[in-house]
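Please open the model in your viewer and keep the selection panel at hand.

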Amino acid sequence: MTKVTVIIPVYNSSKYLNRMFESVLNQTFKDFEVICINDKSTDNSLEIIEEFAKNDNRIKVINNEKNLGAALTRNVGINIAQGEFIYFLDADDYIDEKYLEGMVNIIERENCDIVLNLSIISEGTKGSTHYKHPSMPKINPNGETLDKISTIHNAPCIICPRIYRKSFLNKYNLRFLNTHADDVVFNTITTIYTDKTFVFYGEYYHYVIHNFGMVGQAEASNSKDLNHIKAHSMIYDYLKEHKKLDDRLKLFRVYPFMKVDTEEKFNFYKGFIEKIEHDFHKNESIYNEMEKYFAYSLLNTSNYEEYLKKYNKIVTIGFLRRGK
């Protein structure tokens, strides 16, 4: 049996594929297969993938008949994976040469279902930055086990620094849901089914940040907060349907970039808070003051015009100015 399946969704990533493939194929750990799934790319990504596959029989090439998006494309990989463990890699990122070796050693040693490697470097146009999650507690240099709630509330949400036991994913039929912020949804749902996640600092995952220009950055910022709340709404629906709601779990978070600056956002945010209102009131003590402010500002207004009169569009500013 193959030890690890590396699943890589690809969409118009041609200029990054050489570096990504070299980082994978040069791993010190050799017992792996690569499932590379072309999601109807319109550039020459498929040609590059097939060229690498000709020279290394560990690479399996899948062509989606239609564009599915990264979330559903990863599910295609999970369903045909032969590995004991599943590792996801984005086509524009890359990993250090001992990355898989370290991940496999830890998940086997700790006999757990999920391992998270906190060694992440963000690679941007202005250089490299070591990633430090603002709410992550200090971790023992040798790694340590975190309970599910602490992991969900504090760990980075991106999936690529994690390795999963395939039998665990199949046991509970854990797959990606087709939504924006699918990493938030997948990580929360998978973690809620575990007793523990082992967290450690190992070799580095290189997360590439793209410069989309001023217009693209503005559009991404305007949709990011809405996508996160949509993700939390989907998580709530899933956990409620599967009877996995936990009273210790925050059902939403308030992020520094959150704005209630369109009627669409107001309507969705208000509808979401009303949907979870009973559970929010029941477990209100686990939320911080800004999260409570956000919830009650929505519950106490009936429409977007009223909200604009009473509160600031930027949630953080409104919170800081409350009562003034």
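Begin the sheet by selecting Thr 145, which stands opposite Phe 198 in β11. Before going further, please note that this is a predicted model, in which local features need pLDDT of at least 70 and side-chain atom pairs count only at pLDDT 80 or more, while totals for chains, interfaces and linings use all residues. Residues are numbered from 1 along each chain as its sequence is written, and side-chain values use heavy atoms, with hydrogens and water left out.

**The open sheet**

Helices (H or I, at least four residues) and strands (E, at least two) are DSSP runs numbered from the N terminus, and two strands pair if DSSP finds at least two bridges between them. Now select the eight strands that form an open sheet of mixed pairing, in the order β3-β2-β1-β4-β10-β6-β11-β9. At the edges stand β3 (59-63) and β9 (144-146), each with a single partner strand, so one side of each is left without a neighbour in the sheet. From one strand to the next the twist averages 25°, where axes are lines fitted to C-alpha atoms, for helices over the stretch in contact, and angles run from 0 to 180 degrees between N-to-C directions.

Next select α2 (residues 45-55), a helix that lies across β1 (4-10), β2 (32-38) and β3 and runs at about 150° to β3. Which residues of α2 are buried? They are Ser 45, Ile 48, Ile 49 and Phe 52, where buried means under 20% relative accessible area, exposed over 50% and partly exposed in between (1.4 Å probe, protein chains only).

Then select α7 (residues 182-192), which lies across β4 (85-88), β6 (114-117), β10 (162-165) and β11, at about 45° to β10.

**A separate strand pair**

Select β7 (residues 120-124), where four of the five residues are buried. This strand pairs with β12 (residues 205-208) in the parallel sense over four bridges, and the bridge partner of Ile 121 in β12 is His 206.

**Single residues in loops**

Asp 246 lies in the loop between α8 (213-241) and α9 (263-275), and is buried, with a relative accessible area of 18%. A polar contact of 2.8 Å joins its side chain to that of Arg 248; such a contact is a pair of N or O atoms within 3.5 Å, and within protein one must be able to donate a hydrogen and the other to accept it, while residues adjacent in sequence count only if both atoms are side-chain atoms. Leaving aside neighbours within four places in sequence, Asp 246 is in contact (heavy atoms within 4.5 Å) with Ile 149 and Ile 192.

Most residues other than glycine have a negative phi. Asn 12, in the loop between β1 and α1, has a positive phi of about 50° although it is not a glycine. Ala 181, in the loop between α6 (166-171) and α7, has a positive phi near 55°.
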